[in-house]
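Please consider the structure shown below.

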Amino acid sequence: MKRLLLAFAAVACATQQQPPPTPMNSGSSGAPTAASGSQMGSGGSQMASGQSQMTFHATLRPDEEVPKPQLDPGVSPSGSATFTVMGNTITWQAQVTGLSSPYTAAHIHAGAAGVAGPVIVMLEMNPGAPGTASGQGTIDASSIKGKNPDGSPMTMEGLVAALQQGNTYVNVHTQNNKKGEARGQITQ
């Protein structure tokens with residue numbers, strides 16, 4: 001992982017003129033925030049310690065679910081999730097609205113588009129107004145519950161590789177749709 005991040009940073013520095021990175025502070029949410037008056041490199045990819053930052057997104061919709069959820073007419077869940085990889089952690093934010101019933105769980109699963117797969121990481125979201133949930137947090141190596149195809153524990157490096165390959169998705173589960181009601185493939 002460190003070699004991949006250093007190689008990415010070296011390519012970015014070699015191809016662009018960038019101001020020197022400035023220190024990052026942790027805001028009250030625990031997510032990194034730029035220090036007052038600081039500048040980040042092109043696209044926010046160059047961080048203070050020379051680490052590269054990668055951002056991934058998922059758009060959550062019921063039509064991506066496998067199997068399809070049972071929804072009453074007029075019910076249309078939607079949401080989004082963002083994952084930012086920096087060093088040995090991933091910060092995330094997610095929100096969903098329009099759920100048919102109370103939120104019960106959310107996860108990152110392994111699996112290509114159209115394929116149901118096992119849970120890799122639990123995402124702790126909080127139910128809000130009826131039909132909504134949101135959350136944010138940090139994923140580190142201890143958060144990863146997934147396994148590699150050979151049965152060995154998945155590492156942070158393995159999780160980031162799966163994110164980069166498009167082989168992960170976010171799944172939001174509800175009381176009415178225990179297998180999932182809103183799903184989105186995680187992409188860069």
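The paragraphs that follow take up the charged side chains and then the peptide bond.

This is a predicted model, in which local features need pLDDT of at least 70 and side-chain atom pairs count only at pLDDT 80 or more, while totals for chains, interfaces and linings use all residues. Residues are numbered from 1 along each chain as its sequence is written, and side-chain values use heavy atoms, with hydrogens and water left out.

A salt bridge is here a side-chain nitrogen of Lys or Arg within 4 Å of a carboxyl oxygen of Asp or Glu. By this rule, the model has two salt bridges. In one, the side chain of Arg61 pairs with that of Asp63, at 3.0 Å from N to O. In the other, Arg61 pairs with Glu64, at 2.7 Å from N to O. Through shared partners, these salt bridges join Arg61, Asp63 and Glu64 into one network.

How exposed are these residues? Arg61 is partly exposed, with a relative accessible area of 33%; the term lies between buried (under 20% relative accessible area) and exposed (over 50%), for a 1.4 Å probe and protein chains only. Asp63 is partly exposed at 47%, and Glu64 is partly exposed at 23%.

The peptide bond between Val66 and Pro67 is cis, with omega about 0 degrees. Pro67 lies in the loop between β3 (53-60) and β4 (78-86); strands are DSSP runs (E, at least two residues), numbered from the N terminus.

Technical notes
Helix = DSSP H or I, 4+ residues; strand = E, 2+ residues; numbered from the N terminus.
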